[in-house]
Amino acid sequence: MKAWKTLMLALAAAAVMTAAPVPAQAPGTQFIGILGYRVGPYGPNGAAFFTGFIDYLNLVNERDGGINGVKLSWEECETEYNNTKGLECYERVKTRVASGPTAIHPMSTGITYSLLDKAPADRIPLITLGYGRTDAVDGRVFPWVFPLLSNYWSCATGIVKFIAEKEGGESALKGKKIVLLYHDSPYGKEPQPILEAEAKKHGFELKLVPVPHPGNEQQSQWLQIRQYRPDWVILWGWGVMNATALKTAQKVGFPREKMVGNWWSGSEIDTEAAGSDASRGYYAASLNLAGKDFPVVKDIEKLVYGKGKGGDRKLIGTVLWNRGVAAAMITVEAVRTAQGKYGKKPLTGEQVRWGIENLDIDQRQLDKLGFGAMIPTLKVSCTDHEGSGLVRFQQWDGKQWVPASDWMSGDRSLVRKMVEESAAQYAKEKGIKPACMKG
């Protein structure tokens, strides 16, 4: 385990050293405030995501001259995946330009929860792509929060469906034992209500096993798992927790082909740090495909890295780098959509909020942008701030992630029912009258 800590520290240090230069905001540009993290136990994961994010912003400036002539500027603030520092960064970037920071990607469920009341007051949209508070899908109650592409409950029910398919159908789940090994934080606790509902519906036994931050010690948890003898383990980790789980599973003899991670537990950083023997056969959900065989990736290599403006070439095409590229693209397309209503000029956060809520990125648009099948199509509305709900599964073959399913959805009716119930309860507690925003 000591060697693992040393490796992660080295990766974090390398990430800091290779972080892309940050341009200062300039008058007449569309400013994007970035709450990033490149140090600490989650630093390598954050570095991959935010390097991809910034690489795409650079591409839009270099290839397209901005969005309809409006160039992008940005500033990155280091949160270290810490709620207090995340709030400090939010307060810093929101004042950089008079029009506000376009949209904020907190990249942390904990920071997202801390910003839920601030964002509406500041009129800044939060894009929580694949994380955050799940019931924010209901935009009538959470008009400023967008858990785009797919949320934690869609992921959890997708994992149950995937396990059912491996076991021979939903009826085969009855009597099975499934462990949720989770990061003991708001992020890790988010899937518990719907997994408990799924256990009741399908008749399987669910055992919850928390892992304290950051997750680099899991001996006692895996002793519990070995004694419990589950049929499957769902891994809901982030950062060092994921590779530690895989290595400890190997140590206690639990088969990795009976482990399924969520999309924050399935990157090359996790499996390569654990080692081939410890991670081979492991499954994970994903929001996006890995790989370099997409026109947008080739454009970034040629027009951003070719001009010496890229972040870290080793990250290109990895799961989290591609996800960062996709997250930036969705932000850019939200601005472009909003420009159709408000004009081709730098827009406020409030105007971009309208753009996010009216996003419609179909396959034709994905192909035009060079993304192809990297992510699913996306159509957002006031009542649906998720816009897709699809997930696909991949398996680590010892060297790379390989597809283990096509795009699929989990239990959509159960997810929607619980989203509306939870959002209604939140609205009651906060005195919110659910309604779609006008304008």
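**View 1. The disulfide of Cys 77 and Cys 89.** The S-S torsion of Cys 77 and Cys 89 is about -70°, so this disulfide is left-handed. Cys 77 belongs to strand β2 (residues 72-78) and Cys 89 to helix α3 (residues 83-93), so the bond ties together parts 12 residues apart in sequence. Helices (H or I, at least four residues) and strands (E, at least two) are DSSP runs, numbered from the N terminus. The S to S distance between Cys 77 and Cys 89 is 2.1 Å; a disulfide is a pair of cysteine sulfur atoms within 2.5 Å. Cys 77 is buried at 3% relative accessibility, and Cys 89 is buried at 2%. Buried means under 20% relative accessible area, exposed over 50%, and partly exposed in between (1.4 Å probe, protein chains only).

The model is predicted: local features need pLDDT of at least 70, side-chain atom pairs count only at pLDDT 80 or more, and totals for chains, interfaces and linings use all residues. Residues are numbered from 1 along each chain as its sequence is written, and side-chain values use heavy atoms, with hydrogens and water left out.

**View 2. The disulfide of Cys 382 and Cys 436.** The sulfur atoms of Cys 382 and Cys 436 are 2.1 Å apart. Cys 382 sits in the loop between β11 (378-379) and β12 (390-396), and Cys 436 in the segment after α17 (412-430), 54 residues apart. Cys 382 is buried at 11% relative accessible area, whereas Cys 436 is partly exposed at 41%.

**View 3. Gln 221 in helix α9.** Gln 221 lies in helix α9 (residues 219-228) and is buried, with a relative accessible area of 7%.
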